[in-house]
Amino acid sequence: MSLDTLYTAETPEGIALSLRPAGVTARALAYLLDLLIRIAVFLALLFALRVLFGGMAGGLLAITYFAIEWFYSVLFELLPKHATPGKRALGLTVVMDSGLPITPAASLLRNLLRAVDFFPLGYGAAWVSMLCRADFKRLGDLAAGTLVVYQPATGLHAQLPQAPPLAPRRPLSSREQAAVVSWASRTERLSPARSDELAQLASSILPPHAPDATQALRGVAQWLVGRREGEA
């Protein structure tokens with residue numbers, strides 16, 4: 001029986017962004033893989049530091065253990081795949097509730113709160129939280145506004161129709177960014193009239209007097225996912 005479900009973020013424009021949260025089993029397996037990797041890295045560094053510094057390696061080992069334990073996940077979550085090696089092996093990634101890439105502040109917060117999730121023993125609080133929620137969030141995810149989801153089979157760039165990247169006229173909130181990207185990924189399944197009708201709702205973020213609102217908003221979506229002028 002699958003323990004996974006579907007999470008839908010409703011945008012103000014009425015566009016639904018569907019995400020598939022990872023269940024308890026997948027997250028536990030990913031954690032075990034990452035634990036083994038952290039242990040292997042620490043043992044390798046333990047041997048190297050003992051050889052290089054002998055009895056003076058104690059302090060360095062303490063610092064090394066602290067860095068691996070608390071910043072291993074943060075480092076990998078801020079890389080392009082937004083996932084630790086264990087999560088990548090299970091096809092998982094970490095995103096914001098809006099479906100957009102995780103921010104540095106959110107990654108740091110969700111990982112620092114592992115200390116709370118660990119109580120009373122063996123991540124007991126995390127297990128209770130995940131089993132009681134349809135989106136399988138632990139306490140760190142709730143505080144940081146993050147989700148662990150299955151990575152889509154195709155990249156986001158491939159889902160968007162081609163358009164020259166175009167910077168929005170004003171800064172966008174995370175929900176607005178999610179709405180634009182979600183709309184762009186669906187435009188080829190909408191009629192031209194319906195696409196243009198929805199694009200007109202975002203006229204405040206488009207350049208003044210844009211001749212084609214649909215194409216202009218597609219360009220904004222390309223810019224939001226990291227495309228820049230001249231990129232293939």
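Which helices each supply at least two residues of the lining of the second largest pocket? Helix H1 (24-53), helix H2 (58-77) and helix H6 (124-131) do. The points below take up that pocket and the ring pairs. Bear in mind that this is a predicted model.

1. Overall make-up. The protein chain has 11 helices and four strands. Of its 232 residues, 39% are buried. Take the contacts between residues at least 6 apart in sequence: 65% of them join residues at least 24 apart. The chain exposes about 12700 Å², and carbon and sulfur atoms supply 68% of that area.

2. The second largest pocket. Its volume is about 380 Å³. The lining counts 23 residues, and the closest to the pocket centre are Arg-27, Ala-28, Tyr-31, Arg-114 and Tyr-123. H1 gives the largest share of the lining, eight residues.

3. Tyr-31 and Tyr-123. The whole structure contains five aromatic pairs. In one of them, the ring centres of Tyr-31 and Tyr-123 are 5.3 Å apart with the planes at 70°, so the pair is edge-to-face. Tyr-31 sits in helix H1, while Tyr-123 sits in the loop between helix H5 (114-118) and H6, so the pair ties together parts 92 residues apart in sequence. Both tyrosines are also among the residues closest to the centre of the second largest pocket.

4. Buried or exposed? The cut-off for buried is under 20% relative accessible area. Tyr-123 has 15% relative accessibility, so this residue counts as buried. Tyr-31 has 27% and therefore counts as partly exposed.

5. Phe-42 and Tyr-65. These rings have their centres 5.9 Å apart and their planes at 80°, so this pair is edge-to-face. The pair links distant parts of the chain: Phe-42 is in helix H1 and Tyr-65 in helix H2, 23 residues apart. Phe-42 is partly exposed at 21% relative accessibility. Tyr-65 is partly exposed too, with a relative accessible area of 47%.

6. A ring cluster. Which residues do ring pairs link into a cluster? They are Tyr-31, Phe-118 and Tyr-123.

Conventions:
Residues numbered from 1 in each chain as written. Predicted model: local features only at pLDDT ≥ 70, side-chain atom pairs only at ≥ 80, totals over all residues. Heavy atoms only, no water. Buried < 20%, exposed > 50% of the residue type's maximum accessible area, 1.4 Å probe, protein only. Contact = heavy atoms within 4.5 Å. Areas by Shrake-Rupley, 256 points an atom, 1.4 Å probe, with all protein chains shown as cover. 1 Å grid on protein atoms, 1.4 Å probe; cavity = no way out; pocket = protein on both sides within 12 Å on 5 of 7 lines; lining within 4 Å. Points joined across faces, edges and corners; volume = space filled by probe spheres on them. Phe/Tyr/Trp six-rings, centres within 6.5 Å; stacked < 30°, edge-to-face > 60°.
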